[in-house]
Amino acid sequence: AVLWRGEAAGALAGDRPFSPQVRLYGELGPEPARARAARRLEAFIAAEANRRLPALKRLEDALAGGALKGLPRGIAYRLLEAGGVLARPAVEGDLKSLSQAERRTLKSLGVRVGAYALYLPGLLSDAARPFARAFALQAADGWRPVGEGPQRLAGQSSRALGLLGLVATGDWAAPVRQLERLDELLRGAAREGQGVLFSDQAREELGWSEAEARGVLKGLGYVLVGKPSAGEPHFWRRREAPATKSPKRPVRINPHSPFAALAALKAAPP
């Protein structure tokens, strides 16, 4: 019998080489033969990880080869650490500072800037999902997702959520694909003042319950407009994130400049 547990999530995040651990249970055969079998299994798992998860491997190669510099490099590293899905508020400041060329560089590496998250669409393909799910469950310490919709957060690691295609929103983790569809529905929905209608029809299209929809919307920063009664449409307004002020840089004064000498001659204020 063979049991293996891959550490590909951390390897593909770029912080350590891929080294799946293979355990051979049984004493059949000499030790050199069993060691060769373990090495072949490790090589097979590593090759499968590179083949099934090319989106993560592409970013890893770009980081290792030095193709990414500055802000794009930091964003790519954090995206790999998060398993391929990163909540947008965590990098909103960096995104605003990116140039058009830097955005094109990230896009060429398969990174998509969505309405609510940065993610790798290639990680959500039918070929990649089973393999990514296996590594996610290994990193989830016994937690298993229920269904294909939003999940209650219960201390799951961001890497496990990302490999499952989930992004944390408040007390919930929602599939990034469903969040992109939510953005499309809200853009095309009716508006009333500053609020946008989130209808029961839109909620049913997403496959969410009322509790899931309310929790995800609140986690994304939306608040109800007014207090609608039972049966009335629900309009939601998204709160604006508080602007973060960049810290002021201290002014350096050359003590040997003539201005410093003149400042020393000034009388102290009473």
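Predicted model: local features only at pLDDT ≥ 70, side-chain atom pairs only at ≥ 80, totals over all residues.
1. Arg-187 is found in helix H9, where helices (H or I, at least four residues) and strands (E, at least two) are DSSP runs numbered from the N terminus. Arg-187 counts as exposed because its relative accessibility is 63%; exposed means over 50% relative accessible area, buried under 20%, and partly exposed in between, with a 1.4 Å probe and protein chains only. From Arg-187 to Leu-197 the C-alpha to C-alpha separation is 9.6 Å, and the two are 10 residues apart in sequence.

2. Residues are numbered from 1 along each chain as its sequence is written, and side-chain values use heavy atoms, with hydrogens and water left out.

3. Leu-197 stands opposite Phe-235 in S12. Strand S10 (residues 195–197) pairs with strand S12 (residues 235–238) in the antiparallel sense over 2 bridges; two strands pair if DSSP finds at least two bridges between them. These strands belong to an open sheet of 4 strands with antiparallel pairing, in the order S9-S10-S12-S11. Strand S9 (191–192) and strand S11 (222–224) are the edge strands, each pairing on one side only.

4. Strand S7 (residues 166–169) runs antiparallel to S8 and is joined to S8 by 4 bridges, with Val-167 opposite Ala-174. The two strands form a hairpin with 2 residues between them, and Gly-170 in the turn has a positive phi of about 70°. S6 also pairs with S8 in the antiparallel sense, over 2 bridges. Both faces of strand S8 (residues 172–175) are covered: Trp-172 and Ala-174 are buried on one side, and Ala-173 and Pro-175 on the other.

5. Gln-151 is buried because its relative accessible area is 5%. The side chain of Gln-151 reaches the backbone nitrogen of Val-146 at 2.8 Å and the backbone oxygen of Gly-149 at 2.9 Å.

6. The largest nonpolar core has 36 residues, and those with the most contacts inside it are Leu-53, Leu-59, Leu-118 and Leu-120. Such a core is a set of buried Ala, Val, Leu, Ile, Met, Phe, Trp, Tyr and Cys residues joined through side-chain atoms within 4.5 Å. Helix H3 (54–64), helix H4 (70–81), H7 and helix H8 (158–163) each supply at least two residues of this core, and H3 gives the most, with 5 residues. A second, separate core of 24 residues includes Val-167, Leu-186, Phe-198 and Leu-206.

7. The buried residues of H7 are Phe-131, Ala-132, Phe-135, Ala-136 and Leu-137. H7 is followed by Asp-141, which has a positive phi near 55°.

8. The second largest pocket is lined by 19 residues, of which Arg-129, Glu-148, Leu-164, Gly-165 and Pro-175 lie nearest its centre. A pocket is an open set of points on a 1 Å grid over the protein atoms alone, where a 1.4 Å probe fits, with protein on both sides within 12 Å along at least five of seven lines; lining residues have an atom within 4 Å of a point. Helix H7 (129–139) and helix H9 (176–187) each supply at least two residues of the lining of the second largest pocket, and the largest share, 4 residues, comes from H7.

Note on methods: Polar contact = N/O pair within 3.5 Å; in protein donor to acceptor, adjacent residues only side chain to side chain.
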